[in-house]
Amino acid sequence: MRRARGRCPAPRLAALVGLALAPIGSLCAAKLFTLSLEDIAAGRAEVVDLTHDLQEGTPLFPGGVPFALEPLTRLADGYYMNTFSSGEHTGTHVDAPAHFGKGLPTVDEIPARRLISNGIMIDARAKAAANPNYALTVADLVEWEKANGKIPPQSLVVMNTGWHQRWESPDRYLNRDEAGAMHFPGFSVEALRVLPKERGVNGVGIDTASIDPGASITFEGHKVMLLGGRYQVENLDNLDLLPARGFTLIVAPMKISRGSGAPARVFAIVPR
């Protein structure tokens, strides 16, 4: 990973993969770090896939539409091709503002520049293991910033709860009690109010089925983020492979016209 010195350099459009990561303040006011295609080719950076495979039988939030794949042709017919069906919010996916707000941007209207973000990873695995209903607090954000510096603007803040390890077991992933209520960790409403207004983040992500804790039935966290014009990514994978900061996140949802959300491929560009 290279360190730029002196004046803020012009972007190298052909080579630049990651956005510059500035610990505090504007990008050009701080020392700049970039990750390029050269860094990946030379082994100085790697691409980490944060996406679960879309396949039949994976965990599904109540009311969602399961993924199904049906063959259309086989190689014996001359070429191989399938048809698939899926809900917008199945698997690793993006929630667009329109998911909760009339007249707000649909998934195809999220600006592409907002889908490439400074990566911030908050490790909440220990607290989630002790309490499956844990909600990330403002105090957690303060503690993270004391150790790692202020969360910069244009970030995507992902919460690693460890729940992605449960993906292959839908019952454990949704963790329902006898009454049918789900129990998995998420963000508190108070923390979600801080991130857009005071840190200017692009959005948030999590490795559970919702940014709200599983027991929520009012989805107040969704309302804060989506009605505030941000987006969120749910059902992320491989968050154990991310550092606390210093990486870039690329979120690539299907561009569904008028979509409330879409399945997405999500990549992290991480320095070795």
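Predicted model: local features only at pLDDT ≥ 70, side-chain atom pairs only at ≥ 80, totals over all residues.
Residues are numbered from 1 along each chain as its sequence is written, and side-chain values use heavy atoms, with hydrogens and water left out.

**View A. R166, a buried arginine with no salt bridge.** Buried means under 20% relative accessible area, exposed over 50% and partly exposed in between (1.4 Å probe, protein chains only). The nearest side chain of opposite charge to R166 is D207, 9.0 Å away, whereas a salt bridge requires a side-chain nitrogen of Lys or Arg within 4 Å of a carboxyl oxygen of Asp or Glu. Leaving aside residues up to four places away in sequence, R166 touches R172, Y173 and N175, contact meaning heavy atoms within 4.5 Å.

**View B. The buried face of helix α6 (residues 220–227).** G221, H222, M225 and L226 are buried in α6. Seen down the helix axis, these residues fall within an arc of 110°, so they line one face of α6; the arc is that of the directions from the axis to the C-beta atoms. Their cover includes β6 (93–95), α5 (189–199), β11 (203–206) and β12 (231–234). After α6 comes G229, with a positive phi near 85°.

**View C. A nonpolar surface patch made by L69, F84 and M254.** The patch covers about 270 Å². F84 belongs to strand β5 (residues 81–85) and is partly exposed, with a relative accessible area of 46%. Patches are made of residues with over 30% relative accessible area and no salt bridge, like charges being joined within 9 Å and nonpolar side chains (Val, Leu, Ile, Met, Phe, Trp, Tyr) within 5 Å.

Notes. Helix = DSSP H or I, 4+ residues; strand = E, 2+ residues; numbered from the N terminus. Areas by Shrake-Rupley, 256 points an atom, 1.4 Å probe, with all protein chains shown as cover. Lys, Arg positive; Asp, Glu negative; His and termini not counted.
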